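Have the structure open as you go through them.

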Amino acid sequence: MKIVVCVKQVPATTEVSIDPETKRLIREGVSIEMNPFDTYALEQGILLREKHGGEVIVLSMGPARAELTIRESIACGADRGVLLNGRPLGGSDTYATSYILSQGIKKIGDVDLVICGKQAVDGDTAQVGPGMAAHLGWPQVTYVSRFVESGPLELKLERMHENGSDISLVKLPAVLTVLKDVNIPRIPTLKGRLNSRKVDITIWDEKDLETDPEKIGLGGSPTRVVSTRKPDARDKHTIVLNGSASNSARELVQILKSRIEL
Amino acid sequence: MKLTDTEIADNYNDVWVLGEVVDGQIHKVTLELLGVARKLADKRASGNSKVVCLLMGNKVNGLEKNLFYQSADRVIMVEDESLKYFNDLIYAAVVSRLIKKYKPEIVISGATSKGRSLMPLVAVQIETGLTADCTGLDIDEESGLLLQTRPAYGGNIIATIKCENHRPQMSTVRQGVFKAVEADNSRTGELIREGVLEEEKQTRFTVLSEESYGEDSKISLHDANIIVTGGRGVKSPEGFKIIHALAESVRGAVGATRATIDSGWISYSHQVGQTGLTVQPKVYIACGVSGQIQHLVGMQSSDFIIAINKDPDAPIMQLADVAIVGDLFEVVPEITKLMSN
Ligand SMILES: Cc1cc2nc3c(=O)[nH]c(=O)nc-3n(C[C@H](O)[C@H](O)[C@H](O)COP(=O)(O)OP(=O)(O)OC[C@H]3O[C@@H](n4cnc5c(N)ncnc54)[C@H](O)[C@@H]3O)c2cc1C
Ligand SMILES: Cc1cc2nc3c(=O)[nH]c(=O)nc-3n(C[C@H](O)[C@H](O)[C@H](O)COP(=O)(O)OP(=O)(O)OC[C@H]3O[C@@H](n4cnc5c(N)ncnc54)[C@H](O)[C@@H]3O)c2cc1C
């Protein structure tokens, strides 16, 4: 089985600051990590390889330093990694990002399965996985919570939704997005760490990927972030009750009863 | 596909809501979206923007009436056996084909697991942009464009997003953000029927069976007038007993923070917040909850917020209408006792 796991490098904290002058997000000097949801995608890729053989290729689009995240994935057990990097790729929205990643998957070639995390903790859209499925014309299975059965040609999967779950069958090649219910990710071994330093990371830019210049980067993105701000703190008067438990309870119940009657 | 200004002005008009059905009923979020769709359509200067609901399923006939009552001008109904289960690929193929046929200007859907699976497929198939998980939608008076507001970075940032040169402008919207309009039983509208093409039914994906959680599901949280939420302050699964008791005494539902779910004290279906539910009850009672931004985004539009916390400086205490400084193990049973009388 040839498995591609998509991992995104994200800021290690979602605390962000906005430059008061440019109104842009300040990204400099923020420490980075692998998108936590992608660790489950990676583990699932490794588990499937252990069962069916084949290889796990980690694919990431991002700045040069995203190579660190790819090496970390290799330390955990991925076989090799591909970084999609180039100035014209920057500023892509989910339409463009999923297009670029799908070009990477086509160039890797003969891929059976693409596994993504549920969502990235920074952009938070959960749109890149389905976007890739659409660009590739492959079936997708989102919010996968359990691998019921896996064979080299098809997978039986459990999906979660708000009111329940379902069991489905998908023929490969396909794109999956997985929840953290699917497995418990392993941590890198010492041998893995040593190996991850030696492996060559493949780097492709927009020319290698033969991307349509109209579909990448800021210019190729249908959506545009026009402004960002900090959330408003609700500016209001709070009634503070700090007496004994029974007094506070009594006062509250009076207020509460008047609210319920309204 | 990038469009020119005249192509956009000449062709794209209506505001579409992708309707969702649960257990044979119209999903609450669909009604909320019809409410905001009405506002958006009325704000369009062209004056001929209609509110259209696309409703798909295998037993949806008859549900159109409610959609008209809740401000739809037109309902496009696709009733087919193949839509019984949620097969994203069949749904997406139909939605994409109908969008190309009718050319709506705006398409919105609930940010439910179905909406979040279907909409990004459709957006790429018809080559347009999609804004995720919106908490605000408005029309820019000058340009007539849809202004889409959404939290990102775990709720630490609020971004406004536009889709200028592609149509339709698409967004998924969280449940509980907008309010449904009062039902007007005298309203009617136009019903159009569409079908599923044979080739659209041929997919490499099949849903074999479906299981519903029934009662103890998130819906009850959405419908509750009062929600009592336990945070890490309840300390253990047993600690949730006093939370349940209070909820019972006020006929409310039980909510929880992610910290308690991660600790395995209560099931995920109770989670309120960015990665759980957005709720908007009349009264929200937060017990032993600190009030981190990811929790607040899920409950801050509640009408009335009560916080019980040992720490007077916990962020939730600033947001609350009533802040009780004290030990929840003493205060909560007192409230339950008084409410039960
Ligand atoms: C404040 C803000 C708001 C935004 N809102 C929107 C919006 O509403 N609509 C929109 O189209 N764009 C939006 N964007 C742009 C979007 O964040 C980027 O396109 C981003 O590269 C991908 O989206 P995501 O982070 O939401 O990923 P998600 O779709 O949440 O990621 C899902 C999975 O896809 C894979 N994946 C995602 N990105 C990569 C990558 N670079 N390399 C490898 N694998 C990856 C991972 O497996 C990940 O778990 C926004 C950006 C900002 C800064
Ligand atoms: C990407 C992301 C998504 C997230 N999504 C969500 C989400 O959807 N929902 C969510 O809730 N969280 C979410 N979180 C987690 C969130 O950041 C917080 O960690 C979480 O909400 C904290 O839960 P808590 O308030 O129960 O716990 P804590 O922050 O530990 O607070 C416990 C509070 O209880 C008080 N307390 C302790 N003992 C007592 C007592 N005896 N009496 C009274 N008060 C007491 C303490 O003073 C404290 O204020 C998310 C985080 C991330 C990074």
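1. Which backbone N or O atom lies 2.7 Å from an oxygen atom of ligand 1? That atom belongs to A120(A). Before going on, bear in mind that this is a predicted model, where local features need pLDDT of at least 70, side-chain atom pairs count only at pLDDT 80 or more, and totals for chains, interfaces and linings use all residues. Residues are numbered from 1 along each chain as its sequence is written, chains are lettered from A and ligands numbered from 1 in the order in which they are written, and side-chain values use heavy atoms, with hydrogens and water left out.

2. Staying with ligand 1: residues from both chain A and chain B surround it, so the site is shared between chains. There are 33 residues around ligand 1 (a heavy atom within 4 Å), and K8(A), D38(A), T94(A), A120(A) and T125(A) come nearest. Chain B's part includes R150(B), with a side-chain N or O atom 2.8 Å from a nitrogen atom of the ligand. The protein buries 93% of the 940 Å² that ligand 1 exposes when taken alone (Shrake-Rupley, 1.4 Å probe).

3. Ligand 2 has 26 residues around it, and the nearest are R232(B), T257(B), T275(B), S290(B) and N309(B). Look at H295(B) too: a polar side-chain atom there sits 2.8 Å from an oxygen atom of ligand 2. The backbone takes part as well, with an N or O atom of Q274(B) 3.0 Å from a ligand oxygen and one of L328(B) 2.9 Å from a ligand nitrogen. Protein cover comes to 82% of the 990 Å² of accessible area that ligand 2 has on its own.

4. Now the chain A and chain B interface. Here 79 residues of chain A are in contact (heavy atoms within 4.5 Å) with 81 residues of chain B. The two chains bury about 6800 Å² between them (accessible area lost on being put together, 1.4 Å probe, summed over both), and 57% of it is on carbon and sulfur atoms.

5. For charged pairs, the count between the chains is three salt bridges (a Lys or Arg side-chain nitrogen within 4 Å of an Asp or Glu carboxyl oxygen). One of them joins R224(A) to E164(B), with the closest N and O atoms 3.1 Å apart.

6. Last, the chain A face that touches chain B. α7(A) gives the most to this side, with twelve residues. The residues of that side divide into 34 nonpolar, 26 polar and 19 charged.

Notes
Polar contact = N/O pair within 3.5 Å; in protein donor to acceptor, adjacent residues only side chain to side chain. Helix = DSSP H or I, 4+ residues; strand = E, 2+ residues; numbered from the N terminus. Nonpolar A, V, L, I, M, F, W, Y, C, P; charged D, E, K, R; others polar.
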